[in-house]
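Trainee: Can we walk through this one together? I'd like to start with the ground rules.

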Amino acid sequence: MDVRAGSPAEHRPGVVVWPERTEDVAALVRWASERGVALVPFGAGSGVCGGVMPREDVVVVDLKRLERIRKLDATAPLVDVEAGHMGVPLEQALERAGFTLGHFPSSILCSTVGGWVAARSAGQCSGAYGKIEDMVASLECVTGRGDVVTLRRRTSAPDLVPLVVGSEGTMAIVTSATLRLHPRPASRGFGSWSFRSTQEAWEAMRAMFQAGLRPAVARVYDPFDAMLARQGSVKRREAASAKSARSGGWSGNALRGILRRPGALNALLGTRIAERAMGGAMLVVVFEGEGDATSRGVRDARRIVEASGGSWDGEAAARRWLAHRYSVSYRQAPVFAQGAFVDTMEVAATWSRLGALYDAVRAALGRNVFVMAHFSHAYPDGCCIYFSFAGGADPGLVRELGWDAACEATYDRTWKAALAAAVEAGGTLSHHHGVGRSKAPRLGAELGHGLDVVRSLMRAFDPAGILNPGNLVADGEKPSTPSHPSPATPGINVDRASLLASIVGTTRLDDAEQVLRAQGLTLDTSIPSPAPSLAEWLARGAPGARDRWLDPVDQLLAGLDATLKDGRAISIRPAPRRAVGPDLTSLFVGAGDRFGRVDRAWMRVHLLGATRPTAPAFACDRDPPLGAGERDLLDAISREGTGATPSAGRP
Ligand SMILES: Cc1cc2nc3c(=O)[nH]c(=O)nc-3n(C[C@H](O)[C@H](O)[C@H](O)COP(=O)(O)OP(=O)(O)OC[C@H]3O[C@@H](n4cnc5c(N)ncnc54)[C@H](O)[C@@H]3O)c2cc1C
């Protein structure tokens, strides 16, 4: 919108540097920290939340010359790759060696490994391989102190990796990542179905994931989005439309006209008759794997989906989706050229809250903009909703502000309302785009006092506050009490739709298992003897629980309530995955009572007798010893008190 209004490049950096080695980054950080100069880590700039918005007094650290593949270990298998490596050449190199990372964000052409890690990215194949946080075995990074530290995933002692993943350049500069690989898939299986309603379609997707199916791609489209997808998604009229708009042509005027009454348009397209005329909602799946596993996957999916009300539409829509998998993301510019705006918003919730989240965010967006949605990242316990929306200036503001300023005001108002609705409905603000500067003012609404904990972590990693200041946590942003506190009921509450159980921390593990078994459910863990309380068990890193690498799509726990050492309570709402900064659960799981204790946890539960999916073998040390750098960081985090004082803004 700024470009259209003739005022681009307000965020010109003072200096751009291109380090080539980790030592260059460390030297630069030490230099900057001594002088209080702000550094903004930069991958490829594809982030969509304002995570990279430098000023003239800032040094941008472009990491794209840190691009070596340091090691490809074919036996583990894993790859150690530098942070500036771009997505496509990485995947091509891995495929040549017979592997895949399994990470295919729509921005794979224009994003880096470091950007994926920093923003908690999700790829199109998350249904089989998980999100980026499920792939990281270790990270090399340079903290704001200028120390080069290697952080390793581990279970029965503190794991600092989940704190840096999602830290969006505010705690450390990631210089390389060691990532789990899978064999390059030898075959694919395709399927698509139509449904009367969007909810029926997502319920079918839930049933698939809860039955243990792991289609690499599983996407539900609401009727309007489905209609576009059925047409093949890619419009080839952009150049002509943009030209017409620039010359004030009819299509620009028509679009503005249509977008003047988005509420009426949304209501019209939301009627049953319109939904039926558009062909209803659609589910597409793509299975990847070896031999006939993929055709078996499609056969099993058909059994489940068709029992849930889906009508089999054959393979064509899924094959078409694959052929155009990256095209869809590049259709936005013509809409801006026509004087309107378009954007996307991704949120997530447990299955039990998904309907409420969908309705609330759709209603909040729909007051100002035309909105459609698809659901492209599913898990056994919940799902992500991806809204696409287009709007123009609110007619009431145009006379006073002019078109461009009115457009911007409408855009801001739309985002504010939608983010508030997401938090209120019990969802997470982001599943994979991250927070950046644009969502930072709402972070306190989701994290409550967790916001202070994030600030403490920033101070521990970066005492001088030089790394991407103003990103992720807004200056002056205050925690607000989350509107979805834990249920007051004691004991064990089962959320059957999401296969989650909220269990009070003092409950003995064997007692919890007994209660769950009576309901046909299980924690599916061997229970240590003597049986510890749930809180103790989590503090010890959940010994006996199934190895997390066996099913990267599943997780052990979805959220928790905890009390910090200083007596403050924090609440991490249950979500299938989230991208709202560091994963604070890692301060409690495997970390003993160093930072506090778990009062209640949302544990994943499994149907008794269910078969659980098993990914190809992955041989890496599950419990590597703590390194000296990790120990120093743990001490620094303890010293910062993880939220002991509600801090002022960072320097
Ligand atoms: C067309 C399009 C499609 C997209 N599709 C997807 C998608 O499917 N899935 C998805 O998850 N996202 C998607 N995105 C968002 C974006 O691509 C991701 O957030 C991506 O992970 C950003 O990577 P980048 O290298 O471009 O990072 P940048 O945009 O350069 O940076 C993003 C943030 O990470 C920080 N950062 C970058 N590198 C480092 C580093 N080495 N160390 C520390 N901090 C660092 C930056 O400071 C910034 O805060 C899409 C974006 C576009 C434009």
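Mentor: Start with the element names. Helices are DSSP runs of H or I with at least four residues, strands are runs of E with at least two, and both are numbered from the N terminus. Keep in mind that this is a predicted model.

Trainee: Okay, ligand first. Which residues come nearest to the ligand?

Mentor: Pro41, Ser46, Gly47, Ser107 and Thr112. They belong to a shell of 35 residues around the ligand.

Trainee: Which element gives the largest share of that shell?

Mentor: α3 does, with five residues. β2 (38-42), α3 (113-119) and β9 (172-180) each supply at least two.

Trainee: How many of the shell residues are nonpolar, polar or charged?

Mentor: 16 are nonpolar, 18 are polar and one is charged.

Trainee: Is Leu472 buried or exposed?

Mentor: Buried. Its relative accessible area is 0%, so it falls under the 20% cut-off.

Trainee: Which loop holds Arg120?

Mentor: The one between α3 and α4 (126-129). Arg120 also has a positive phi, about 55°, without being a glycine. Its relative accessibility is 4%, so Arg120 counts as buried.

Trainee: What about cis peptides? Which residue does Ala76 join through one?

Mentor: Pro77, with omega about -10°. Pro77 lies in the loop between β4 (69-73) and β5 (78-82). There is also a cis bond from Ser529 to Pro530, with omega near -5°. Pro530 is in the loop between β20 (521-522) and α21 (534-539).

Trainee: New topic, Ser430. Where does it sit?

Mentor: Ser430 is in the loop between α17 and α18 (443-447). Its relative accessible area is 0%, so Ser430 is buried.

Trainee: What does the side chain of Ser430 reach at 3.4 Å?

Mentor: The backbone nitrogen of His432. The backbone nitrogen of His433 lies 3.2 Å from a polar atom of that side chain.

Trainee: Beyond four places in sequence, which residues does Ser430 touch?

Mentor: Glu346, Lys439, Arg578, Ala579 and Val580.

Trainee: Last one, the packing. Which members of the largest nonpolar core touch the most others?

Mentor: Leu179, Met205, Met208 and Leu283, in a core of 150 residues. Helix α17 (residues 403-424) gives the most to this core, nine residues.

Trainee: Pick Met208. What is it in contact with?

Mentor: Leaving aside neighbours within four places in sequence, Met208 contacts Leu213, Pro215, Leu283, Val285, Ala301, Ile304 and Val305.

Trainee: How many residues are in the other core that lies apart from the largest one?

Mentor: 15. Leu28, Ala32, Leu39 and Leu66 are among them.

Technical notes: Residues numbered from 1 in each chain as written. Predicted model: local features only at pLDDT ≥ 70, side-chain atom pairs only at ≥ 80, totals over all residues. Heavy atoms only, no water. Core = buried A, V, L, I, M, F, W, Y, C linked by side-chain atoms within 4.5 Å. Buried < 20%, exposed > 50% of the residue type's maximum accessible area, 1.4 Å probe, protein only. Contact = heavy atoms within 4.5 Å. Near = heavy atom within 4 Å. Nonpolar A, V, L, I, M, F, W, Y, C, P; charged D, E, K, R; others polar. Polar contact = N/O pair within 3.5 Å; in protein donor to acceptor, adjacent residues only side chain to side chain.
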